[in-house]
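I opened this predicted model to look at one helix and the charged pairs around it. My notes follow in the order I looked things up.

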Amino acid sequence: APCHVIGVDLSSEYVAVATDLAEWTGLSDRVDYIQADATALPFDDASFDVVYTQHASMSISDKPRLFKEMTRVLRQGGKLGLYDVLLGSTAAHANDIVTPLPG
């Protein structure tokens, strides 16, 4: 069975564009987008089988609160995925952009 995806963004403009793209690609029956704060998600505890963020957590300064919310809405045994561009972790590579790749 196909999954249903709920996308969250703080910007109403991004939500509007994402909604349009879902319609244009024929996915609007499987995808909904809402404007919300990722550090205060408007969902019940254990609402999702999968929680995923791509290129978003790097822009949220309160990481502990973000991760607490992500795990709060994730059901026990669910999957949590993160994908972000990161800076290098050593002084020699502090300004290098690192793109995580599957291993």
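Entry 1. The buried residues of helix α2, which spans residues 63–73, are L66, E69, M70 and V73. I wanted to know why these four lie on the same side of α2. They cover an arc of only 100 degrees around the axis, and that puts them on the same side of the helix.

Entry 2. On the face turned away from the buried side I found the exposed residues P64 and K68.

Entry 3. I checked the N-terminal end of α2. D62 caps this end, with a side-chain oxygen 3.2 Å from the backbone nitrogen of R65.

Entry 4. How many salt bridges does the structure hold? I noted three.

Entry 5. E69 forms a salt bridge with R72, and their closest N and O atoms are 2.8 Å apart. The two residues are three apart in α2, so about one helical turn separates them.

Entry 6. The side chains of D45 and R72 meet in a salt bridge at 2.7 Å, N to O. D45 lies in the loop between β2 (31–35) and β3, and R72 lies in α2, so this pair ties together parts that are 27 residues apart in sequence. D45 is exposed, with a relative accessible area of 55%. I therefore wrote down D45, E69 and R72 as linked in a network of salt bridges.

Entry 7. I finished with the pair between strands. D49 and R75 meet through their side chains in a salt bridge of 2.4 Å, N to O. D49 is in strand β3 and R75 in strand β4, so the pair ties together parts 26 residues apart in sequence. Both are partly exposed: D49 has a relative accessible area of 48%, and R75 has a relative accessibility of 35%.

Note on methods
Residues are numbered from 1 along each chain as its sequence is written. This is a predicted model: local features need pLDDT of at least 70, side-chain atom pairs count only at pLDDT 80 or more; totals for chains, interfaces and linings use all residues. Side-chain values use heavy atoms; hydrogens and water are left out. Buried means under 20% relative accessible area, exposed over 50%, partly exposed in between (1.4 Å probe, protein chains only). The arc is that of the directions from the helix axis to the C-beta atoms. A polar contact is a pair of N or O atoms within 3.5 Å; within protein, one must be able to donate a hydrogen and the other to accept it, and residues adjacent in sequence count only if both atoms are side-chain atoms. A salt bridge is a side-chain nitrogen of Lys or Arg within 4 Å of a carboxyl oxygen of Asp or Glu.
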